Amino acid sequence: MTAGTDLRPTRAQSAPERTVRVEPKKHWWRRPWTAPLGLVVVAFLAYSLPPYLAFDPARSRVPSTFPAHYLFLVGHVLFGSIAMVTAVLQVWPSIRRKHPVLHRYSGRAYVFAGVLPSGLLALTVGAATPYGPVTRASDVLLAVLWLGTTWAGFRAARERRFGDHRRWMIRSFALTMSIILNRLIGPVAAIFLEPRLATTFGGSEIALGQSIAALGAWVSWTVALIAAQLWLDRKPKRRASVQ
Ligand code: HEM
C-alpha cells in the first residue's frame with residue numbers, strides 16, 4: 001500500500017494483474033495515519049451511535065418518512081458501524097501483514113455483516129430521505145457505489161485477482177469513511193449559508209436546510225472517491241538504490 005512497495009510477478013495470475021505486494025516492515029510512526037484514523041472512527045461512532053442504541057424513535061436525528069423508517073435506520077447504523085470498524089482492521093498494516101486469518105475473517109465481516117446489509121438499508125432510507133431530492137439522488141448513488149465497489153473487491157479476492165481486489169477495496173474504504181466527512185461539511189455549510197437565508201434562499205428555511213444537507217451529501221463522497229483514485233494512481237517514489 002505504500003510508495004516504493006515491492007512488486008513481484010506471480011505465474012498463476014492473468015496478464016494485467018501479475019503482481020503481489022510484499023509490504024516492507026515499517027514502524028508505526030512512519031505510518032502517521034493509522035492512530036488518527038482509529039481515533040476519528042471511535043469519536044464518530046461515540047457521537048453517532050447513542051440515539052440508535054436507545055431504540056427510541058424520539059431520539060433519532062433523522063425525521064421518519066415511513067413506518068419502518070427508524071427500524072431501517074437503526075439497522076443501517078449498526079451494520080454501518082461493523083463496516084467502519086472492520087474497514088479500519090482491514091487497512092491496518094501490521095494486522096494485514098502478521099494476521100492473515102484475521103484479515104480474511106474481518107474482510108468477510110466487512111462485506112457480509114457490514115456493507116451489504118447497511119448499504120441495502122441505506123438504499124431504502126436514502127430513497128425516502130426527508131432532506132429533499134438532491135440529497136436523495138446522492139444517497140441512492142452512494143449506496144449503489146458502496147455496494148458495487150465492495151462486491152467488485154470481494155469477487156476479485158475470490159478470483160485471486162489481488163491487484164484488482166486492493167483497488168476496489170480502497171475505493172470501498174473511501175466511501176465508508178466519507179460519511180465522517182459528510183458530518184463535518186454540514187456544520188461548515190450551515191455557518192456560511194445561514195446568514196444568506198433572506199437573500200439566497202428567499203427566507204425559506206426548507207430550501208436552506210435541504211441545501212446544507214445536499215452539500216454534505218454530495219461533496220463528502222465525491223471528494224473521498226477522487227482522493228482514493230488519485231492515491232491509487234500516484235507514481236511510486238524512486239528508491240535510493242534505483243536513482
Ligand atoms: C457509504 C454509504 C452510506 C450511505 C449511502 C448512507 C446513507 C444514509 C442515509 C440515507 C441516512 C438517513 C439520512 C438521510 O435520509 O439522508 C443515513 C443516516 C445515518 N448513517 Fe449512513 N450511509 C452510509 C454509510 C454509513 C456508515 C458507514 C455509517 C457508520 C456508522 C453510517 C451512519 C449513519 C448514521 C449514524 C445515520 C443517522 C444520522 C445521524 O444520526 O447523524 N452511515 N445514512
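## Fold, ligand shell and backbone

Me: What pattern does the protein follow, read along the sequence?
Reply: The model is predicted, and that should be kept in mind for every value below. Its secondary structure comes to 8 helices and 2 strands. Read along the sequence, these elements give the pattern β-β-α-α-α-α-α-α-α-α.

Me: What percentage of the residues in the protein are buried?
Reply: A residue is counted as buried when its relative accessible area is under 20%. Over the 243 residues in the protein, the buried ones make up 39%.

Me: Which protein atom is the donor of the iron atom of the ligand, and at what distance?
Reply: His-76 lies in helix H3, and a polar side-chain atom of this residue is 2.9 Å from a nitrogen atom of the ligand. For the iron atom of the ligand, the only protein donor is His-76, through its NE2 atom, at 2.1 Å.

Me: Which helix gives the most residues to the shell around the ligand?
Reply: The ligand takes up the space of the second largest pocket. The elements that give two or more residues to its shell are H1 (34-48), H3 (69-91), H5 (100-127), H6 (133-158) and H7 (162-193), all of them helices. The most, 6 residues, are given by helix H3.

Me: How many nonpolar, polar and charged residues does the shell around the ligand have?
Reply: The ligand is surrounded by 26 residues, and the closest are Tyr-52, His-76, Thr-129, Asp-139 and Arg-183. When the shell is divided by class, the counts are 16 nonpolar, 7 polar and 3 charged residues.

Me: How far from an oxygen atom of the ligand does a polar side-chain atom of Tyr-52 lie?
Reply: The cut-off for a polar contact is 3.5 Å between N or O atoms. A polar side-chain atom of Asp-139 lies 2.8 Å from an oxygen atom of the ligand. For Tyr-52, the distance from a polar side-chain atom to an oxygen atom of the ligand is 2.7 Å.

Me: What is the phi of Phe-55, which is not a glycine?
Reply: Most residues other than glycine have a negative phi. Phe-55 lies in the loop between helix H2 (50-53) and H3, and it counts as exposed at 55% relative accessibility. Although Phe-55 is not a glycine, its phi is positive, at about 50°.

Me: Where does Arg-160 lie?
Reply: Arg-160 is not a glycine, yet its phi is positive, at about 60°. With a relative accessibility of 54%, Arg-160 counts as exposed. Its place is in the loop between H6 and H7.

Me: What distance separates the C-alpha atoms of Phe-192 and Ile-212?
Reply: Phe-192 lies in helix H7 and counts as exposed, because its relative accessibility is 59%. Along the chain, Phe-192 and Ile-212 are 20 residues apart, and their C-alpha atoms are separated by 9.6 Å.

Technical notes. Residues numbered from 1 in each chain as written. Predicted model: local features only at pLDDT ≥ 70, side-chain atom pairs only at ≥ 80, totals over all residues. Heavy atoms only, no water. Near = heavy atom within 4 Å. Polar contact = N/O pair within 3.5 Å; in protein donor to acceptor, adjacent residues only side chain to side chain. 1 Å grid on protein atoms, 1.4 Å probe; cavity = no way out; pocket = protein on both sides within 12 Å on 5 of 7 lines; lining within 4 Å. Sits in = over half its atoms within 2 Å of the grid points. Helix = DSSP H or I, 4+ residues; strand = E, 2+ residues; numbered from the N terminus. Nonpolar A, V, L, I, M, F, W, Y, C, P; charged D, E, K, R; others polar. Donors = N, O, S within 2.8 Å, 3.2 Å for Na, K, Ca; no water. Buried < 20%, exposed > 50% of the residue type's maximum accessible area, 1.4 Å probe, protein only.
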